[in-house]
Amino acid sequence: MSDVNRLSVFKTYKLYVGGKFPRSESGRVYEVTDSKGKWLANAPLSSRKDARDAVVAARKAFGGWAGATAYNRGQILYRVAEMLEGRKGQFVHEVADAEGLSKNKAAVVVEAAIDRWVWYAGWTDKIAQVVGGANPVAGPYFNLSTPEPTGVVTIVAPQDSSFLGLVSVIAPVIATGNTAVVIASEKAPLPALSLGEVLATSDLPGGVVNILSGKASEMGPHLAAHQDVNAIDLTGAGADLARDLEIAAADNLKRVLRPRTEDFAESPGTDRMTAFLETKTVWHPTGSLGASGSSY
């Protein structure tokens, strides 16, 4: 059968919140165009209510995700990479449109993003050995420090690195047991919204990552001041917005990662993982106790 007169089926992009794909509760959308101004799709224009729903989902998921074994978290992050490998063609197309790249250059970006997931998957059960350990103390005690996730982290994703930068800020947050509310690049949100489809089919529990599209200037202040958000990554915020969000975050002593000049193509270090970890230190007595002679 000839498809000369067939109409294309355009993709409907939706938010990713709590493991589901809602439209914005406001019903608003905005046009997404490529680097030459050509229309690509309508993306949901998230509201403050969508942001609140995302925080609720992230908090609900936090206990189970933080309590999962580091090995299991690594398996799930690796599964994300597997799923992305199978849909590489789609992401090459979206990244090429979003960033004005040739298909070959976009393929390099997508492959680097897949490798980044694998890299962080390998760190999930190793980071505790790097930043934790036994501490020398005076007295008959064991003194042990172990890292724990901070909690719910809001991420303002990079504006100009729609996929590799996006992965580079999400993966380290969830690798260490945090959950995330992500504000995607306003001008290039489509790779982020498609990533939600991959996460939903990769064994990642619903609510661990929640992806919103729209204006960081609208959602950011609300999320920065939200009492149930524990930390905020300002990577994709401009200087003025970053200042305003940092001030708002001070209301309940959030941990803040400030924007900095970054080349996401370079090999990452551990600093994005440690940025959203807290250290718990435990003291425990050693030596014999009483006549039984038992010891610890």
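**Notes on salt bridges and overall fold**

1. Arg258 and Glu246 form a salt bridge, with 2.6 Å between the closest N and O atoms. Arg258 sits in the loop between strand S9 (255-257) and helix H10 (271-274), whereas Glu246 belongs to helix H9 (residues 239-249), so the pair ties together parts that are 12 residues apart in sequence. This is a predicted model, and the distances in these notes should be read accordingly.

2. How exposed are the two partners, Arg258 and Glu246? Arg258 counts as exposed, at 52% relative accessibility; the cut-off for that class is over 50%. Glu246 has a relative accessible area of 25% and is partly exposed.

3. A second salt bridge joins the side chains of Arg260 and Asp271, at 2.9 Å from N to O. Here Arg260 is in the loop between S9 and H10 and Asp271 is in helix H10, so this pair links parts that are 11 residues apart in sequence. Arg260 is partly exposed, with a relative accessible area of 37%, and Asp271 is also classed as partly exposed, at 37% relative accessibility.

4. Arg243 pairs with Asp244 in a salt bridge whose closest N and O atoms are 3.7 Å apart; the cut-off is within 4 Å. Both residues are partly exposed: Arg243 has 45% relative accessibility, and Asp244 has a relative accessible area of 40%.

5. Across the whole structure, a search finds 21 salt bridges. Side chains of opposite charge can pair when their charged atoms come close. The chain carries 30 positive and 31 negative charges, and the mean positions of the two sets are 4 Å apart.

6. On the fold, the chain has 10 helices and 12 strands. Its C-alpha trace spans about 90 × 40 × 35 Å along the principal axes.

7. Of the contacts in the chain with a separation of 6 or more, 75% are between residues 24 or more positions apart. Buried residues account for 45% of the 296 residues. The chain exposes about 14200 Å², of which carbon and sulfur atoms supply 53%.

Notes. Residues numbered from 1 in each chain as written. Predicted model: local features only at pLDDT ≥ 70, side-chain atom pairs only at ≥ 80, totals over all residues. Heavy atoms only, no water. Buried < 20%, exposed > 50% of the residue type's maximum accessible area, 1.4 Å probe, protein only. Helix = DSSP H or I, 4+ residues; strand = E, 2+ residues; numbered from the N terminus. Contact = heavy atoms within 4.5 Å. Areas by Shrake-Rupley, 256 points an atom, 1.4 Å probe, with all protein chains shown as cover. Lys, Arg positive; Asp, Glu negative; His and termini not counted. Charge placed at Lys NZ, Arg CZ, Asp CG, Glu CD.
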